[in-house]
Amino acid sequence: MSATSTITVGDAQVELPIKTGTIGPDVIDIGQLYAKTGKFTFDPGFTSTASCESKITYIDGDAGVLLYRGYPIDQIAENGDFLETCYLMLFGELPTPAQKADFDYRVTRHTMVHDQMNRFFQGFRRDAHPMAIMVACVGALSAFYHDSTDISDDKQRMIASLRMIAKMPTLAAMAYKYSIGQPFVYPKNDLDYTSNFLRMCFAVPCEEFKVNPIFARALDRIFILHADHEQNASTSTVRLAGSSGANPFACVAAGIACLWGPAHGGANEAALKMLEEIGHPENVAKYVAKAKDKNDPFRLMGFGHRVYKNYDPRARIMQKTTHEVLGQLGIKDDPLLEVAVQLEKIALEDDYFIEKKLYPNIDFYSGITLKAMGFPTSMFTVLFALARTTGWIAQWAEMIEDPSQKIGRPRQLYIGPDKREYVPLDQRA
Ligand code: SDX
């Protein structure tokens, strides 16, 4: 007999099934609530709502735990590489050496984009935000790859997934090169995924380019940290778009658009701009006061999280990576890092942040590292989208393969005008 929850709605007592997962909170299945009571639940922002069953990522916000297919994020980030994480996301298990070699080979040979994609870029201003370019170009991929848009065909779903993961770095690098007026650099098959991306971003035709192994390792780890994060806003967007049967390229384009927001993936760009605005550790107290002031809309970007009410485990690894990269670059007194360290110290000792359980999230430190590697702030969210594509694609595929999935269509609490008669124009005052 499965567990149930009984709720009283008016004079009716309604029994609703309780579902239990592997770990984490149980859920009350309210699928029949409206049929049994004529009432909806109401949960703007979905603070208490589970939208699906998933086997991919688990987060415990109070314990600061993040698992990818059961493996702790720190163990994956320390020991694996990003394409291994992509394989784990897509197939559910860590690859054997042979599987890893085959997967790397297959992804590597999909890194080129159709040459006509180049013409899309000519339509953009040079100062277009690269996230605007990514939304457009990723959506446009479906115009080139008709042979992998039939979502009912598992072979086409897999080829589309590999193409998406493989082509994001190429499009991201093209967006960067276009913004600085430099020629596009084609991928090289003898480089690993992240080294290939760094070369496409920073190489120029006039001279040989040597990938900095410190940057490659650090950026690969940053990609791992950003790969997936349960049912966050952009992943939920991808799932909702996919539930209508839209092709995977269009769904990922929708995810990129959602991620762009400063409350979500745009926070890394916003956090670095905030650190630059604060400018010096002695100004930190003033900005902390602004963040606490109810009448001031200012928020500490890179702080707080809907789920993590303890330290974001990714932020801890990100902080370590930041210190490693700056240390290996011989950057001892980076002013932004000094401001970040002082801001974190003051905020974590302040009652406002303690009682609201606001800790640094992954976006707090990532910008400092990316800036040290030479990326402009406008590219920070593009890098987040590049990494999160593997999570979006894995979650999209899981949804498509879920026999219980149906088009997502929430209801509402209507608070507009009651029924009223139309007034012809010549009778209105
Ligand atoms: C990401 O969902 C994911 O998993 C996202 C992500 C992923 O990997 O996909 O982890 C990536 O998006 C990380 C979050 C990046 N965003 C930021 O750093 C932007 C700044 N942070 C916030 O805007 C905020 O913390 C959110 C959006 C992240 C979370 O917002 P919630 O859970 O809806 O919480 P809330 O806005 O209701 O805030 C609760 C209280 C409020 O005060 P009260 O109204 O209760 O008095 O905390 C305050 C807020 O004013 N608060 C902050 C704050 N964040 C929340 N006050 C100052 N500075 C902040 N950063």
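A search of the whole structure finds zero disulfides, a disulfide being a pair of cysteine sulfur atoms within 2.5 Å. The model is a predicted one, in which local features need pLDDT of at least 70 and side-chain atom pairs count only at pLDDT 80 or more, while totals for chains, interfaces and linings use all residues. Residues are numbered from 1 along each chain as its sequence is written, and side-chain values use heavy atoms, with hydrogens and water left out.

- C201 counts as buried at 1% relative accessibility, where buried means under 20% relative accessible area, exposed means over 50% and partly exposed lies in between, all with a 1.4 Å probe and protein chains only.
- C251 is likewise in no disulfide, since the nearest cysteine sulfur, that of C258, is 13 Å away.
- C251 is buried, with a relative accessible area of 1%.

**Nonpolar core**

- The largest nonpolar core has 115 residues, and those with the most contacts inside it are F197, L219, L343 and F375; such a core is a set of buried Ala, Val, Leu, Ile, Met, Phe, Trp, Tyr and Cys residues joined through side-chain atoms within 4.5 Å.
- Helix α18, residues 380-401, gives the largest share of this core, with 14 residues; helices (H or I, at least four residues) and strands (E, at least two) are DSSP runs numbered from the N terminus.
- F375 touches F197, L198, C201, F202, L219, L370, F380 and L383, when residues up to four places away in sequence are not counted, and contact here means heavy atoms within 4.5 Å.
- In soluble globular proteins, nonpolar side chains tend to be buried together.

**Cavities**

- The count comes to four cavities of 30 Å³ or more; on a 1 Å grid over the protein atoms alone, a cavity is a set of points where a 1.4 Å probe fits but cannot get out, and lining residues have an atom within 4 Å of a point.
- The largest cavity has a volume of about 80 Å³, a volume being the space filled by probe spheres set on the points, which are joined across faces, edges and corners.
- M112, V113, N118, T170, M174, F184, V185, Y186 and P187 line the largest cavity.
- By class, that lining has seven nonpolar, two polar and no charged residues, where Ala, Val, Leu, Ile, Met, Phe, Trp, Tyr, Cys and Pro count as nonpolar, Asp, Glu, Lys and Arg as charged, and the others, Gly among them, as polar.
- The second largest cavity has a volume of about 60 Å³, and its lining includes V107, T108, D192, Y193 and F197.
- The elements that give two or more residues to the lining of the second largest cavity are α4 (97-108) and α8 (193-202), and α8 gives the most, with four residues.
- The lining of the second largest cavity divides into six nonpolar, three polar and one charged.

**Second largest pocket and R69**

- The second largest pocket has a volume of about 220 Å³, a pocket being an open set with protein on both sides within 12 Å along at least five of seven lines.
- Of the 14 residues that line this pocket, the closest to its centre are R69, L90, A397, E398 and E401.
- Helices α3 (82-91), α7 (154-180) and α18 each supply at least two residues of this lining, which by class has seven nonpolar, two polar and five charged residues.
- R69 is found in the loop between β5 (65-68) and β6 (71-72), and its phi is near 50 degrees, a positive value in a residue other than glycine.
- R69 counts as partly exposed, at 22% relative accessibility.

**Other loop residues**

- K357 lies in the loop between α16 (351-355) and α17 (362-373), and its phi, near 55 degrees, is a positive value in a residue other than glycine.
- K357 is partly exposed, with a relative accessible area of 40%.
- A246 has its place in the loop between α10 (233-243) and α11 (248-259), and leaving aside neighbours within four places in sequence, A246 is in contact with I151, A241, C251 and W396.
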